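Biologist: Please bring up the model so that we can go through some of its helices.

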Amino acid sequence: MEDRIRHVVAEYARLAVDTADLSDSADLYAAGMTSHASVNLMLALENEFDVEFPDRMLRRGVFESVSSIRAALEELTSEAAA
Amino acid sequence: MTQTADQSRTFLDGIRRIAEDVAAPAADEVDREARFPHEALAALRAVGALSAYVPRSHGGEEMGFGEIASACFELSRACAAAGMVYAMHQIQVAAIVRHGAGSPFFDQYLADLVSGERLIASATSEVGVGGDLRSSIAAVTPDGADVVFEKQAPTISYGEHADDLLTTLRRSPDADRGDQVLVLTRGDEARLEQTSSWDSLGMRGTCSPGYVVRARITPEHVLPVPFAHIAAQTMVPVTHIVWAQVWLGIATAAYDRARAFVRGQARNMPGTVPPAATRLSSLAAELHTMRAEISTATDEYASMIESGADPDDLFTLGYAIRINALKISASERVALVCRDALEICGIAGYKNDTPFSVGRNLRDGLSATLMIANDRIHATNAALLLVHKAG
């Protein structure tokens with residue numbers, strides 16, 4: 001999952017730095033992700049993982065790092081499996 | 001909210017008196033001469049209104065957000081320039097109260113704001129970023145133990161009349177454009193060199209020319225939280241709400257003049273309802289809708305920040321869409337209301353020297369869609385709506 005997330009981040013977050021150099025907890029907004037880019041990232045993640053982020057997850061904290069994105073996706077996929 | 005109903009009433013009664021007795025009589029001159037509404041600001045200082053939002057822990061009155069918003073409305077009904085200056089100052093105060101309190105430097109600043117009733121301006125716009133609040137070119141640049149910056153600001157409202165200044169900057173010379181911080185400069189820590197003039201259609205008394213801002217300060221002048229958080233949780237919602245209250249004040253002033261005009265007509269023809277009264281009825285409905293929308297947004301924000309909940313849970317993408325929509329709607333409505341008031345008052349409204357003149361209101365109101373251009377806000381909301389699920 002990590003690799004797929006990083007792949008989507010690399011493609012859509014339009015960061016000023018190389019995604020490979022970022023730690024899982026690095027702040028993507030501080031790395032240059034604009035709000036517009038974050039919307040594209042959300043859409044791309046929904047597409048890649050075949051999920052829909054509910055409105056309660058559409059907040060800054062959820063998309064601010066690779067690990068926070070992972071936590072949100074895990075929550076959604078475990079809900080789907082249950 | 002910890003102030004009592006009595007304190008809240010006393011505060012707003014004081015603001016209303018200043019609006020009627022001080023701001024209103026000067027409003028035409030402020031507009032005509034494009035001069036700062038200094039008598040209104042002096043009166044506001046005298047009653048402690050500039051620091052009213054500061055918490056009691058820092059010596060302030062801890063007035064609620066709703067009261068501050070209403071004060072913007074009351075002042076703008078009399079003089080939109082005075083109301084806008086007060087509103088913009090409160091945006092800066094809210095940013096420091098909500099994101100600076102707890103740092104020794106900003107705790108001390110808030111105490112000084114209360115004792116000195118200091119007026120704070122802001123330098124958030126920048127030449128070269130195309131009106132994007134969330135991008136900066138100028139950066140906080142370390143220089144020995146100090147930091148320095150130089151920013152080209154296309155407009156700083158009341159920059160010449162403010163005591164202090166909040167400026168958005170990139171965090172460091174190698175930071176991305178969107179990695180911003182907010183920096184306070186006190187008094188002559190910042191030197192402002194005026195680069196353009198302010199001879200505008202309306203809002204003339206806000207005195208908003210362009211400047212180059214240069215400063216050398218210590219690093220603790222930087223607010224300890226990323227500007228992204230300050231913008232999402234405080235600056236954007238507070239700006240849209242207090243501006244909307246200013247526009248509601250302008251619209252209400254125009255409506256008041258239209259109503260007085262129709263009443264005068266009716267007095268001259270007892271027993272008949274003047275034709276313009278029907279137009280006044282639609283205007284009243286329009287104003288009512290505007291007021292309802294703005295007061296709902298004001299109450300919602302006040303209850304959000306007073307709930308003590310985690311800001312990240314409150315300031316969702318859905319909220320951003322709603323608060324952007326408020327800006328679009330209120331800014332479009334103010335010009336419509338003023339325009340309809342002009343139709344009702346006719347030539348008496350078109351002339352600048354009658355009790356029914358609405359020219360100043362109309363010109364002031366036309367600034368609303370341009371201050372953070374609605375096209376830009378539509379573009380943002382269009383993008384956000386792509387991922388938002390609820391209506």
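Helix packing and burial

Modeller: The crossing of helix 6 of chain B and helix 9 of chain B is left-handed, meaning that the near helix is turned anticlockwise from the far one by less than a right angle. This is a predicted model, where local features need pLDDT of at least 70, side-chain atom pairs count only at pLDDT 80 or more, and totals for chains, interfaces and linings use all residues. Residues are numbered from 1 along each chain as its sequence is written, while chains are lettered from A and ligands numbered from 1 in the order in which they are written.

Biologist: Are helix 6 of chain B and helix 9 of chain B roughly parallel or roughly antiparallel?

Modeller: Helix 6 (residues 227-268) and helix 9 (residues 317-345) of chain B pack with axes 9 Å apart, at an angle of about 15 degrees. Angles under 35 degrees count as roughly parallel and over 145 as roughly antiparallel, so helix 6 of chain B is, relative to helix 9 of chain B, roughly parallel.

Biologist: Is B:Asp112 exposed or partly exposed?

Modeller: B:Asp112 belongs to helix 5 (residues 104-116) of chain B. A residue is buried with 20 or more other C-beta atoms within 10 Å of its own, exposed with 12 or fewer, and partly exposed in between. B:Asp112 has 17 other C-beta atoms within 10 Å, so the residue is partly exposed.

Biologist: Which helix of chain B do the buried residues of helix 2 of chain A pack against?

Modeller: The buried residues of helix 2 of chain A include A:Leu41 and A:Met42. In chain A, the buried residues of helix 2 pack against helix 1 (2-12) and helix 3 (66-81). In chain B, their partner is helix 12 (374-385).

Methods: Axes are lines fitted to C-alpha atoms, for helices over the stretch in contact, and angles run from 0 to 180 degrees between N-to-C directions. Helices (H or I, at least four residues) and strands (E, at least two) are DSSP runs, numbered from the N terminus. Angles under 35 degrees count as roughly parallel, over 145 as roughly antiparallel, 65 to 115 as roughly perpendicular and the rest as oblique. Two residues are in contact if their C-beta atoms, placed from the backbone, lie within 7 Å.
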